[in-house]
Amino acid sequence: MADKVEKSDAEWRQQLSDEQYAVARCGGTEPAFTGKYWNHKGVGVYRCACCQNELFSSQSKYDSGSGWPSFWQPISADCIAEKTDTSHGMVRVETVCSACSAHLGHVFPDGPPPTGLRYCMNSASLDFVERSA
Ligand code: FE
């Protein structure tokens, strides 16, 4: 498991773009079909935009039709932590980076086999690196 990364708000603000900061550090959501990765098909690894913790392989990315990058499983069992999110009158499972606690998105039980999970992520919280499979 990646080492814990702790930075002050001021440090995150300096390191990240305004959109990355709003989404990853403040729990925001980018509008559907606007992020840089919802329709991205490269082969490689999606890392946390804040701390570079590896989160998803392109091998588990699929087109959910939602307008957000969607995956059916994380790259390892412990790279993502889950929290209950009761905002907006819904009960959802929020996903955060296990190393730096960045808000990534939510996970829903309506994904494809073999997991049946849909990790619905924000492009703003991710950083893609090309890597041969
Ligand atoms: Fe992180």
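**Iron site, strand pairing and salt bridges**

Asp-110 is partly exposed, with a relative accessible area of 47%. Partly exposed here lies between buried (under 20% relative accessible area) and exposed (over 50%), for a 1.4 Å probe and protein chains only. The model is predicted: local features need pLDDT of at least 70, side-chain atom pairs count only at pLDDT 80 or more, and totals for chains, interfaces and linings use all residues. Residues are numbered from 1 along each chain as its sequence is written, and side-chain values use heavy atoms, with hydrogens and water left out.

Asp-110 is one partner of a salt bridge; the other is Arg-118, and the closest N and O atoms are 2.7 Å apart. The criterion is a side-chain nitrogen of Lys or Arg within 4 Å of a carboxyl oxygen of Asp or Glu. By this rule there are three salt bridges. A second salt bridge joins Arg-92 to Asp-85, with 3.5 Å between the closest N and O atoms. Arg-92 is buried, at 16%. Asp-85 is buried too, at 12%. The salt bridge of Arg-131 and Glu-54 has an N to O distance of 2.8 Å. It links distant parts of the chain: Arg-131 follows S9, Glu-54 belongs to strand S2, and the two are 77 residues apart. Arg-131 is partly exposed, at 40% relative accessible area. Glu-54 is likewise partly exposed, at 29%.

The overall fold comes next. The protein has two helices and nine strands. The C-alpha trace spans about 40 × 40 × 30 Å along its principal axes. Of the 133 residues, 44% are buried.

The iron ion has four cysteine donors from the protein. They are Cys-48, Cys-51, Cys-97 and Cys-100, each through SG, at 2.3 to 2.4 Å. Donors are N, O and S atoms within 2.8 Å of the metal (3.2 Å for Na, K and Ca). Angles among the four donor atoms run from 101 to 114°, and the site is tetrahedral. The ideal angle for four tetrahedral donors is 109.5 degrees. The donor residues follow the spacing C-x2-C-x45-C-x2-C. Cys-48 lies in strand S1 (residues 44–48) and Cys-97 in strand S6 (residues 92–97), so this pair ties together parts that are 49 residues apart in sequence. Cys-48 and Cys-97 are both buried.

Strand S1 also takes part in an open sheet. This sheet has three strands in the order S2-S1-S9, with antiparallel pairing. Strands S2 (54–57) and S9 (126–130) are its edges, each pairing on one side only. Two strands count as paired if DSSP finds at least two bridges between them. From one strand to the next the twist averages 30°. S1 and S9 pair over five bridges. Gly-44 stands opposite Glu-130 in S9.

Strand S6 pairs with S7. The two run antiparallel and are joined by four bridges. Within this pairing, Glu-94 has His-106 of S7 as its bridge partner. S6 and S7 form a hairpin with five residues between them. Ser-101 in the turn has a positive phi of about 65°. Strand S7 (residues 103–108) has five of its six residues buried, so it is largely enclosed by the rest of the structure. S7 is also joined to strand S8 (residues 118–121) by four bridges, again antiparallel. Here Val-107 has Tyr-119 in S8 as its bridge partner.

Technical notes:
Tetrahedral: all angles 85-135°; square planar, octahedral: opposite > 155°, others 65-115°. Axes fitted to C-alpha atoms, helices over the stretch in contact; angles between N-to-C directions.
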